[in-house]
Amino acid sequence: MKPILEVKKVSKLFGGLPAVNNVSFDLAENEILGLIGPNGAGKTTLFNLISGYHEISKGDILYRGHKISGFLPEQVCSQGIVRTFQVVKPFGEMTVEENVMVGAFCRTADPNRARVKAQETINFVGLDKYAAMQARNLTIADRKRLEFARALATEPKILMLDEVMAGLRPNEVDDSLELIRKVRASGITIIIVEHIMRAIMTICERILVLDHGELIAEGTPQEVTSNKKVIEAYLGKEESADV
Ligand SMILES: Nc1ncnc2c1ncn2[C@@H]1O[C@H](COP(=O)(O)OP(=O)(O)OP(=O)(O)O)[C@@H](O)[C@H]1O
Ligand SMILES: [Mg+2]
C-alpha cells in the first residue's frame, strides 16, 4: 500500500545551521510511529515542517502522493494533518468546549456544527465533566487532554503528538496510552514524540531516532533499544531519556 506520508530528504536550516538534516521516511496508513532523540535533536522542528509552521529549506513532503511542502498550516490542517504543541497554551479565559470548537472550525464555519463536533470530541477524550470550565482551571493532565481534543476536532487523518505525556503521573500516562490506542482504532495514523521510553516502547510499532537533526536509526522498539548509536546518543544519557 502507498504510504500516507512521504518525507523526502528534508532539511531545515536556522541561521545556516541544520536543525533537521536530510531526513527521509515513509509513514504507513494507520501505524503508530515513534520519533525519539535527545533534546534539540530536531523532533519538534520536523513536526513544524510537516504541519507547515516552518518553511522547508530543502526536500519535499508528500501526503497521499501529493506535495504539501509549501502549504500554510491551515491548508495542511484541512488536508487532514494536525499536530499538538509541546508547550500547551489553551485559551485560558475560554471554556474547554470553546477551545475545542477552535479545532472544529477547521472543517466548518457554522458555530452550531462546531459545537456539536466539540462536544463529541470532548466526550471521546473523557473531558465531558469539564466542558463548561475555563481552560485555565484544568490540571496539567487535563490540559494535555484538551490539546488532544482540539487536534482531534479538526478530523485529522494524521495526528502528530508532541510530548503529550510529559509531566504526567504513571497512571495518567496509562490513560493517555489508552486514548492513543482508541484514536488509532478510529482509523487515524499517529506520529508520537515522547521522552518517556516505557510509553514509546509499548505503543509504537516502529521508531525513528534523530540526533543533531539526522536520522541515526529506524526499526522496531527492540531494534532501536539495542542499537549502539542510539544508546550512545540518547538512551545511555539519563538526563535526556526518561527510562
Ligand atoms: N525557531 C527557531 N529558530 C532558531 N533555532 C531553532 C528554532 N526552533 C528550533 N531551533 C533549534 O533547532 C534545534 C532543534 O530543536 P527542536 O525544538 O526541534 O528539538 P527537539 O528534538 O524537539 O528537542 P526537545 O526534546 O528538547 O523538545 C535546536 O538546536 C533548536 O535550538
Ligand atoms: Mg521538542
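Strand E3 (residues 32-36) pairs in the parallel sense with strand E8 (residues 189-193) over four bridges. Strands here are DSSP runs (E, at least two residues), as helices are (H or I, at least four), numbered from the N terminus; two strands pair if DSSP finds at least two bridges between them. The model is predicted: local features need pLDDT of at least 70, side-chain atom pairs count only at pLDDT 80 or more, and totals for chains, interfaces and linings use all residues. Residues are numbered from 1 along each chain as its sequence is written, with chains lettered from A and ligands numbered from 1 in the order in which they are written.

Within E8, Ile 192 is the bridge partner of Gly 34. Both strands belong to an open sheet of six strands, ordered E6-E7-E8-E3-E9-E10, with mixed pairing. Strand E6 (81-83) and strand E10 (214-219) are the edge strands, each pairing on one side only.

Helix H4 (residues 111-125) has 15 residues and reaches 21 Å from first to last C-alpha, close to the 21 Å expected at 1.5 Å a residue (1.5 Å times one less than the number of residues). Its buried residues are Ala 114, Lys 117, Ala 118, Thr 121, Ile 122 and Val 125; buried denotes 20 or more other C-beta atoms within 10 Å of a residue's own, exposed 12 or fewer, and partly exposed in between, with C-beta atoms placed from the backbone. These residues lie on the same side of H4 because they cover an arc of only 135° around the axis, taken from the directions from the helix axis to the C-beta atoms. The face turned away from this buried side carries the exposed Asn 112 and Asn 123. Just after H4, Gly 126 takes a positive phi of about 85°.
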